[in-house]
Amino acid sequence: MNMFRKDATRLAQDWGVVMPGVRGYYSEMAADALPPGLPVTAPNSGIPAIFTTYTDPKIIKAIITPTKSEDIYGSAKKGDWVTDTAQFPMVELSGYTVAYDDYSQAGDTDANANWPQRQSFHYQTWTKWGEREVERMGAAKIDWVNQKNEASISVLNKNQNLINLFGMSGLELYGALNDPNLPAAIAPLPKLTVSGTSGGNTWLDTSDPIAVYNDILKAFQKLTVQMGGNLTLETPMTLVIPTERQQCLLYTNQFQVVLSDLLKKNLPNLKIETLPEAGTTLSGGNSSVTMMQLFVDAVDGQETVTTAFTEKLRAHAVERYSSNFRQKKSQGSWGTIWFYPMACVTMTGI
């Protein structure tokens, strides 16, 4: 008992061994007094599962829907994070002529300027981490602070992608798919079954590449009219289709005609892009129709469309508390700006 009292303080201070209520060491003689052959510990033939568990050092990320709006429609910085409104000067040239006469004052030319405006929208998210939380994840070889920072950037970019495509209600901030200035959408042609009867209008109602090709030709013909003669078969264009319809590009008929080959041959400068949000299945409930868009990339050197932002990423100050940290990150968006809405045709119900 006296020996334990002498050791107890050192055991607590140096080794963290605290045994309240214990008065002394266990006597070796008492242990030796047990009958021979009887076990002191509980029977066991196994080991803790952790010793036979393998942890892969490679971190597997969960699959999320890709953000493709900027890849398809372009991206540009407009203003900064204190800019609330942007205006875009548009000039239309006009005039008329008359038959020449030495004394005639007839004939006139003029120009008309307009200033379409857009409003910006700024949004934010917080990244938070605690000291013990980081240490525990570090024990599992996970760089927890970095993972949380990646999550904050992913959340901001996903939100920006949605704004780029669908805009913001209540603001003059529109999306690429629902800008009210775009011409009214057109409908696909009826699709026929093998027996020649009508099977519906969507691309899934047929397996004939010519039937789908005719829908794209219909959109091209509409675009030709809207462009007032400024469109040729060689004009660089972009075709946006839902990701859930991309398999239709592989439609092949009995003559081995493939839809994708038809498009490459007849519209050599056509670029095809797939967009999850253009359909209903992968849009996360943001779209109730399956649509495609065909638009001209540029008119007289001026881009037809672009997504725009005020700040791609603003990382604010890291705030430190007693045992945790947090940091705000923010972005700002103008949505998608169609400089030439007439250079786009939308077809819904494909």
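**Ser-287 and its surroundings**

Modeller: The side chain of Ser-287 reaches the backbone oxygen of Val-289 at a distance of 2.8 Å. A polar contact is a pair of N or O atoms within 3.5 Å; within protein, one atom must be able to donate a hydrogen and the other to accept it, and residues adjacent in sequence count only if both atoms are side-chain atoms. This is a predicted model, in which local features need pLDDT of at least 70 and side-chain atom pairs count only at pLDDT 80 or more, while totals for chains, interfaces and linings use all residues. Residues are numbered from 1 along each chain as its sequence is written, and side-chain values use heavy atoms, with hydrogens and water left out.

Ser-287 sits in the loop between β10 (270-275) and β11 (291-296); helices (H or I, at least four residues) and strands (E, at least two) are DSSP runs, numbered from the N terminus. Ser-287 counts as buried because its relative accessibility is 8%; buried means under 20% relative accessible area, exposed over 50%, and partly exposed in between, with a 1.4 Å probe and protein chains only. Apart from its neighbours within four places in sequence, Ser-287 is in contact (heavy atoms within 4.5 Å) with Phe-166, Glu-277, Gly-279 and Thr-280.

Turning to charged pairs, the structure holds 10 salt bridges, each a side-chain nitrogen of Lys or Arg within 4 Å of a carboxyl oxygen of Asp or Glu. One of them joins Arg-320 to Glu-131, with the closest N and O atoms 3.2 Å apart. Arg-320 belongs to strand β14 (residues 305-320) and Glu-131 to helix α4 (residues 131-139), so this pair ties together parts 189 residues apart in sequence. Arg-320 is exposed, at 58% relative accessibility, whereas Glu-131 is partly exposed, at 33%.

Asp-215 and Lys-191 form another salt bridge, at 2.7 Å from N to O. Asp-215 lies in helix α6 (residues 209-226) and Lys-191 in strand β7 (residues 191-192), 24 residues apart. Both of these residues are buried. Lys-271 and Glu-273 also meet in a salt bridge, at 4.0 Å; Lys-271 is partly exposed, at 39%, and Glu-273 is buried, at 16%.

Finally, the cysteines. The count of disulfides is zero, a disulfide being a pair of cysteine sulfur atoms within 2.5 Å. The sulfur of Cys-248 has its closest cysteine sulfur in Cys-344, 20 Å away, which is too far for a bond. Cys-248 is buried, at 1% relative accessibility, and Cys-344 is likewise buried, at 1%.
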